[in-house]
Amino acid sequence: MEKHKKNQTKDDQQSSSKGSHTCSQKHLNQLTEQLQLDERLDLIDHKILVLSGKGGVGKSTIAANLALSLAQAGKQVGLLDIDIHGPSIPRLFGLEGQVLTGTQDGLKPIEYSENLKVISVGFLLRKLDDAVIWRGPLKYGIIKQFLKDVEWGKLDYLIVDSPPGTGDEPLSIAQLIKNADGALIITTPQDLSINDVRKSIEFCRVLNLPVLGVIENMSGFVCPHCNNRIDIFKSGGGKKMAESMMVPFLGSIPLDPDLVTTSDSGLPYLFRYPGSETAQAIQRALLPIMKLEARVPDKKEEIVTRQNINEDDVRADDGKINIAIPLVENRLSAHFGHCNEFLIAKVDRASGDILKRKLVPAPPHEPGMLPSWLHDQGAQVIIAGGMGQRAQQLFQQKGLTVVVGAESREPDVIIRDYINETLTLGENLCDH
Ligand code: ADP
C-alpha cells in the first residue's frame with residue numbers, strides 16, 4: 001500500500017513536471033509569436049480596418065480605392081484582404097491567379113505597384129469552395145500569419161478589407177492589431193444595411209476600436225444622360241444614423257455603373273476615371289483617412305520623412321528634374337487651384353525622357369497649401385496655365401521654379417517642349 005502510494009507520487013511528479021514543461025514551452029512559443037507580430041506591426045504607421053454590416057455594399061471597392069489613393073499620394077501601402085468567404089481584392093486589381101511565394105523571412109506580398117503591396121486569402125484558395133472548411137481557429141491562424149509572417153516592410157498604411165458582419169474574421173483582426181487607428185464603416189442607404197451597421201459600430205465600441213467614420217455608398221444615381229439625381233435606395237440614412245450614433249459621417253458615393261465595369265475589368269476605378277464626379281466623391285469621403293497624422297517617432301527611432309526623402313532624391317538625381325503639372329482629364333488644367341490631380345514627372349534634363357511618373361490626387365483647395373504640398377511631393381518646377389502672384393511667390397519661397405501661361409495640352413507634350421525650351425506661353429489667366 002505504502003509502496004503503491006510512493007510509486008504513484010513519483011509518477012505524479014513525473015507527469016506534472018512533463019506537464020509544466022509542455023506548458024512553459026507553449027507559453028514561450030506564444031510569447032515568441034507575439035514578439036514577431038509586434039515587430040512587424042511596429043513598422044506600420046497606420047492600420048485601418050474597413051468594415052460593413054452586410055455584404056455587397058461596396059466595402060472591398062472602397063478599400064481598394066482607398067489603398068490606391070494613398071499609393072498615388074506617394075504613401076507606402078499594404079492592402080490585406082481577409083474575406084475568407086468572398087475575397088474580391090484579386091479581381092479588383094486584376095491579380096487573379098497570382099500565387100504567394102515565400103523566403104525564409106516570410107511570405108512575399110504581391111506588388112501591384114512600387115508602393116502598393118497586396119495580400120489576399122484569395123491567393124491561397126484554389127477554388128472558392130475551399131473556404132467552406134475554414135473554421136474559427138483556422139481563420140484566426142491564417143489572419144495572424146498574414147500579419148506576422150508577411151514581409152510587409154515599412155508601411156505608412158495597412159488597409160484591411162474585412163468580411164461583413166461581426167464574426168470570426170473582424171474579431172480576430174481587431175484583437176490581433178492592438179493599436180489600429182480605427183475602422184471605416186461602409187453602408188448603403190437601405191434600412192436593413194443601416195441597422196446592420198449599427199451593430200458594427202457597437203462591435204467597435206466593445207473592442208475599443210475607434211470609428212474613423214461612416215461612408216454611405218450607392219447613394220443616389222446621377223443619370224449620365226440628363227444629369228438628374230435619382231435616389232434609388234433613398235439617401236441620407238447613413239448620415240442620420242452616424243449622427244445618432246455620434247460617429248463621423250465622411251460622405252456619400254453615388255451609384256455609378258462605371259464602378260462595376262472597372263471592378264470587373266481589374267482596373268481600380270480611381271485609376272481609370274480619376275477626374276469624374278464619383279472619383280471626387282470617393283476622394284472627399286476618404287480625405288480624413290489620407291490626412292491622418294504621421295506617427296510621432298520614438299526618440300531612438302529613425303523615421304524618414306517625405307521631406308528628407310525628396311531632398312535626398314534631388315541631391316542623388318543630378319541631371320534630373322521633377323516637374324509638376326495640374327491636370328483635368330489628362331490635360332493641363334487652366335484653373336490651377338481647382339485641378340483634380342497633379343502629374344509629377346521625373347525627367348532627364350539632357351534627353352527629355354520621362355523616367356518616372358506619379359499621378360497624385362490634388363489636396364483640398366485651401367489657400368497657401370499647394371506650394372508646401374507640392375514641395376513635399378518633390379516637385380522642383382510647376383508648369384501652370386494661370387496662377388495668382390501670391391501663389392507664385394509662395395512657390396518661389398519653397399524653391400520651385402514657376403512657369404505660367406502654358407496651354408491646356410497633354411502633359412508629355414508640355415514637358416517635352418519645356419525641356420527643349422520651345423514651350424509656348426500665353427497670358428497668365430489667373431493674375432489676380
Ligand atoms: P462588398 O465588399 O461590400 O461585398 P463589393 O465592393 O464587392 O462589396 O461591391 C459589390 C458590387 O457592387 C461590385 O460589383 C461593385 O462593383 C459594385 N459597387 C460598389 N460600389 C458601387 C457604386 N457606388 N456604384 C455601382 N456599383 C458599385
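Contact here means heavy atoms within 4.5 Å.

1. Some background on the model. This is a predicted model, where local features need pLDDT of at least 70 and side-chain atom pairs count only at pLDDT 80 or more, while totals for chains, interfaces and linings use all residues. Residues are numbered from 1 along each chain as its sequence is written, and side-chain values use heavy atoms, with hydrogens and water left out.

2. The annotated site. An unreviewed UniProt entry marks G53, K54, G55, G56, V57, G58, K59 and S60 as "binding site". Positions follow the numbering used here, feature names are shortened, and such annotations may be inferred rather than shown by experiment.

3. Two residues of that site. G56 sits in the loop between β1 (44–52) and α2 (59–72); helices (H or I, at least four residues) and strands (E, at least two) are DSSP runs, numbered from the N terminus. Buried means under 20%, exposed over 50%, and partly exposed in between (1.4 Å probe, protein chains only).

4. Around S60. Beyond neighbours within four places in sequence, S60 is in contact with S88, I89, L92 and D161.

5. Strand β7 (residues 155–161) has six of its seven residues buried, so the rest of the structure largely encloses β7. β7 runs parallel to β1, joined by six bridges, and pairs in the parallel sense with β2 (residues 77–81) over five bridges; pairing requires at least two DSSP bridges between two strands. D161 is the bridge partner of V50 and also stands opposite D81.
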